[in-house]
Amino acid sequence: MDADVIVVGSGISGGWAAKELTERGFSVLLLERGRHIEPGTDYVTEHLAPYEMPYRGFGDRQRYARDFKVQSHLAGLSDANDHWFVNDTENPYQTRPEAEFTWIRGYHLGGRSITWGRASFRLSDLNFSEAGSDGHGIRWPIGYADLEPWYSHVERFIGVNGDRDGIPSLPDGEFMPPHGMNCAEEHVKQAIAARFDGRPMINERSAVLTKAIGDRAPCHYCGPCIRGCSTGSYFSSESSTLPAARATGRLKVMTDVVVDALVHDQASGRVTGVRVIDAKSRKRSTLAARVVFLNASTLGSTQILLNSIDAETGRSFANRSDALGRYLMDHVMGPFGTATIPGYLDREPLGNRPSGIYIPRFQNLAGQDKPFRRGYGYQGSAARAMWTRGSSGEDIGLALKQRLRQPGPWQMFIGAMGECMPYADNRVTLSDKVDAWGRPQLDVAFHWHANELAMARDMASEARAMLEAAGGTDVVTGDALGPGGLAIHEMGTARMGHDPAEAVLNAHNQCHDALNVFVTDGACMTASAAQNPSLTYMALTARAAAFAADQMKQGTL
Amino acid sequence: MHRRDILQWIAAAAFAGPAMAQDMTGMAGHAMASRDSVPPPPPHTPFAPARHAALERLVQLVIPADDTPGAREAGVPAFIEMMHQHWMNEEERRRCDAELDLVMAAFASGAAIPAALYEGARFKAPTLRKLTIYGYYTSEVGASEELTLNLVPGAYDACAQVGAQDRAPSLNSWGIALSLANPGAL
Ligand SMILES: Cc1cc2nc3c(=O)[nH]c(=O)nc-3n(C[C@H](O)[C@H](O)[C@H](O)COP(=O)(O)OP(=O)(O)OC[C@H]3O[C@@H](n4cnc5c(N)ncnc54)[C@H](O)[C@@H]3O)c2cc1C
């Protein structure tokens with residue numbers, strides 16, 4: 001045995017698996033396909049001014065057109081952060097224009113925990129009970145009560161700021177004080193409350209510290225968290241879970257190791273280890289453990305499972321249900337509204353707040369009141385317009401210079417994010433093309449269905465109604481949906497469910513077809529809800545790890 | 001402000017109250033990247049002397065010096081030449097070249113400047129105007145002398161009072177003004 005448990009992937013969920021299992025007394029071998037990252041010293045663009053970067057933050061666009069065709073769909077990809085995203089030429093997958101999926105990812109220690117937007121919301125009773133009750137998807141094998149203590153456990157450790165808002169469909173958690181809204185946001189909040197019943201606008205709940213936790217300092221408001229944070233002020237694997245796991249003395253990390261497949265023993269019905277490829281030398285070998293946690297991200301873990309083929313059946317050992325790779329979801333994102341909010345010209349935020357506001361789902365909460373199922377919320381913020389507003393206009397000279405010297409008017413942006421249904425034809429399979437490591441590439445097909453399209457139209461019209469109610473001028477809205485994947489919340493391709501005939505994982509995230517394999521990243525999601533999902537991945541991971549630890553202690557695993 | 005200057009952070013934190021200052025002192029122990037861990041801009045070939053001179057004159061007309069330096073002193077011509085060579089696509093490059101041709105013709109015509117740079121209300125070189133603005137406010141002079149640059153504010157005040165003389169910040173929460181990485185941004 002190389003360890004009690006092998007954890008595959010060091011991102012948001014894998015870091016949690018490593019922490020919980022080592023703290024419970026088990027040795028963990030954490031396998032990460034990307035490079036090692038030293039917190040602080042490898043955050044090479046942190047606190048750089050625009051003129052200290054080669055393209056001043058505008059990005060090396062010719063290189064992106066060549067090698068970052070997919071990743072450059074991410075608004076804000078630039079020379080300040082492109083080292084956190086994969087080179088698409090070196091990491092190919094198949095997709096097609098009529099069912100396009102943009103797979104946005106980073107391969108390095110910590111995964112997307114370094115680049116994530118930190119929005120952290122719980123799912124609610126409503127979310128767990130709706131799935132499978134309205135003709136869409138299947139029932140969750142767990143309810144909110146099963147996850148509630150694990151949400152608290154996670155929030156206390158990572159540090160989440162927010163208010164206890166008392167909204168049943170968005171349960172409160174263990175919060176530090178929020179950063180707070182600015183005056184334009186307060187204005188919009190009050191206008192919406194006055195005009196619409198049951199539509200509170202709240203502080204975004206965000207995994208950024210406003211109080212120290214151990215040697216993690218509170219936020220210093222530099223702004224662009226995505227560059228990495230040497231003071232550990234937001235949750236990442238580097239700032240939080242990996243140091244905790246290391247402190248036990250039971251963690252071993254191997255970077256530059258690509259997990260290719262699981263080794264399945266037909267006779268015992270168990271997995272005995274993992275097949276790996278050295279990312280640099282391409283040498284193949286096998287590592288053995290009692291239990292395997294797959295946390296290689298939704299599509300990464302699904303690829304590993306699809307590629308774990310039994311010699312006898314010629315099929316993945318984990319796919320008796322035929323659900324593996326199907327039911328791919330990503331949040332409905334893209335529709336937005338912007339407006340100028342008049343007034344407050346003697347006020348301006350000081351410091352760059354790394355979060356914003358949230359308007360929780362207000363549709364279909366008590367019975368159906370919209371021409372689509374489930375619902376959506378909005379994230380957003382208001383800020384004074386910057387000098388960039390000068391780029392439109394015809395003026396030059398001192399008039400232009402003086403015009404841009406002062407902050408511009410307040411502008412409010414709200415962007416919607418809504419629930420996506422699981423459909424059998426939104427699917428990933430293995431293609432017959434291979435990558436540089438000799439692994440079959442993923443083939444990803446995704447398209448929006450009628451429910452998502454109806455939701456998108458409503459997102460734009462409700463955004464307009466709210467911004468107009470707030471007295472906003474120059475209201476602009478959009479209802480276009482891009483390809484799937486742009487929300488970067490891909491999930492559902494190895495879903496949980498009681499019935500092994502329709503789900504890949506059981507109520508403890510164990511593979512129905514091999515109980516010593518746990519999948520606790522987004523692949524496990526039975527339904528997507530409308531909330532940003534990573535907090536739920538963390539809570540599910542901590543819960544599954546505690547279960548696995550108990551079973552190992554009892555000798556049943 | 002030097003980004004690695006911890007003392008500055010602590011000074012900033014002192015404004016936010018003693019509790020914050022104490023928390024921030026704890027930051028001194030955290031490792032950070034070295035300043036030179038990011039490459040410089042790629043080397044570029046300047047435009048031919050006559051075109052370079054015209055570009056210099058144009059950018060200074062778009063953003064002149066007053067109590068702070070103008071676009072020429074801020075190094076905007078070199079920025080535009082670098083973007084022209086290493087960043088623009090073919091269509092944008094052609095558009096810039098054509099605009100500079102028009103500008104040179106206007107300068108050579110002996111007609112009054114800036115009137116000759118306009119066609120009715122329309123400025124004849126909109127792409128170069130845009131690039132001048134991008135280049136100026138992301139330069140050290142534009143970002144930190146003309147506007148204010150505080151890379152590590154250390155504290156947050158959601159709605160601070162601003163006076164009529166206070167200059168706007170040059171950065172937003174993304175730490176860059178905007179991303180031009182996507183096609184069609186120019
Ligand atoms: C810009 C951005 C903003 C976001 N904002 C939010 C937000 O506000 N809120 C939210 O909830 N979510 C947000 N997300 C999504 C969030 O980042 C993901 O949901 C989360 O990181 C998923 O965690 P994970 O552990 O499944 O995968 P990841 O964090 O992606 O980690 C997976 C790890 O596995 C490694 N790996 C992959 N394949 C293999 C293999 N074969 N062998 C070995 N290792 C492998 C990868 O290198 C990586 O390190 C955002 C994402 C991005 C990029």
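Visitor: Which strand of chain B is joined to β11(A), and how many bridges are there?

Guide: That's β3 of chain B, residues 157-161, with 3 bridges between the two strands, which run antiparallel. To put a residue pair on it, A:R347 has B:Q161 as its bridge partner in β3(B). Keep in mind that this is a predicted model.

Visitor: OK. How many residues does each chain put into the contact?

Guide: Chain A gives 79 residues and chain B gives 89. About 7,100 Å² is buried between chain A and chain B, and 58% of that sits on carbon and sulfur atoms. On the chain A side, the residues that lose the most area to chain B are A:F58, A:R61 and A:W387, which together account for 13% of what that side buries.

Visitor: Which elements give two or more residues to chain A's side of that?

Guide: α2 (61-67), β11 (347-350) and α8 (398-405) of chain A. α8(A) has the largest share, with 7 residues. By residue class, the side of chain A that touches chain B divides into 35 nonpolar, 28 polar and 16 charged.

Visitor: Switching to chain B on its own. How many helices and strands?

Guide: 7 helices and 3 strands. In sequence order the pattern reads α-α-α-α-α-β-β-α-α-β. Of the 186 residues in chain B, 48% are buried. As for contacts in chain B between residues at least 6 apart in sequence, 62% join residues at least 24 apart.

Visitor: What about α4(B), mostly covered or mostly open?

Guide: Mostly covered: 9 of the 11 residues in α4(B), which spans 76-86, are buried. Among them are B:F79, B:I80, B:M82 and B:M83, and also B:E81 and B:H84.

Visitor: What do those buried residues pack against?

Guide: Elements from both chains: α2 of chain A, together with α3 (49-62), α5 (90-108) and α6 (126-137) of chain B.

Visitor: Now the backbone. Which peptide bond is cis, with omega near 15°?

Guide: The one from B:I113 to B:P114. B:P114 is in the loop between α5 and β1 (118-119) of chain B. For context, most peptide bonds are trans, and most residues other than glycine have a negative phi.

Visitor: What is the phi of A:D322, then?

Guide: Near 65°, so a positive value in a residue that isn't glycine. A:D322 is in the loop between α7 (298-306) and β10 of chain A, and is partly exposed at 32% relative accessibility.

Visitor: And where does A:Y344 lie?

Guide: In the loop between β10 and β11 of chain A. A:Y344 has a positive phi of about 55° without being a glycine. With a relative accessible area of 32%, A:Y344 is partly exposed.

Definitions and conventions. Residues numbered from 1 in each chain as written. Chains lettered and ligands numbered in written order. Predicted model: local features only at pLDDT ≥ 70, side-chain atom pairs only at ≥ 80, totals over all residues. Heavy atoms only, no water. Contact = heavy atoms within 4.5 Å. Buried area = accessible area lost by both parts, 1.4 Å probe. Helix = DSSP H or I, 4+ residues; strand = E, 2+ residues; numbered from the N terminus. Nonpolar A, V, L, I, M, F, W, Y, C, P; charged D, E, K, R; others polar. Pairing = 2+ DSSP bridges. Buried < 20%, exposed > 50% of the residue type's maximum accessible area, 1.4 Å probe, protein only.
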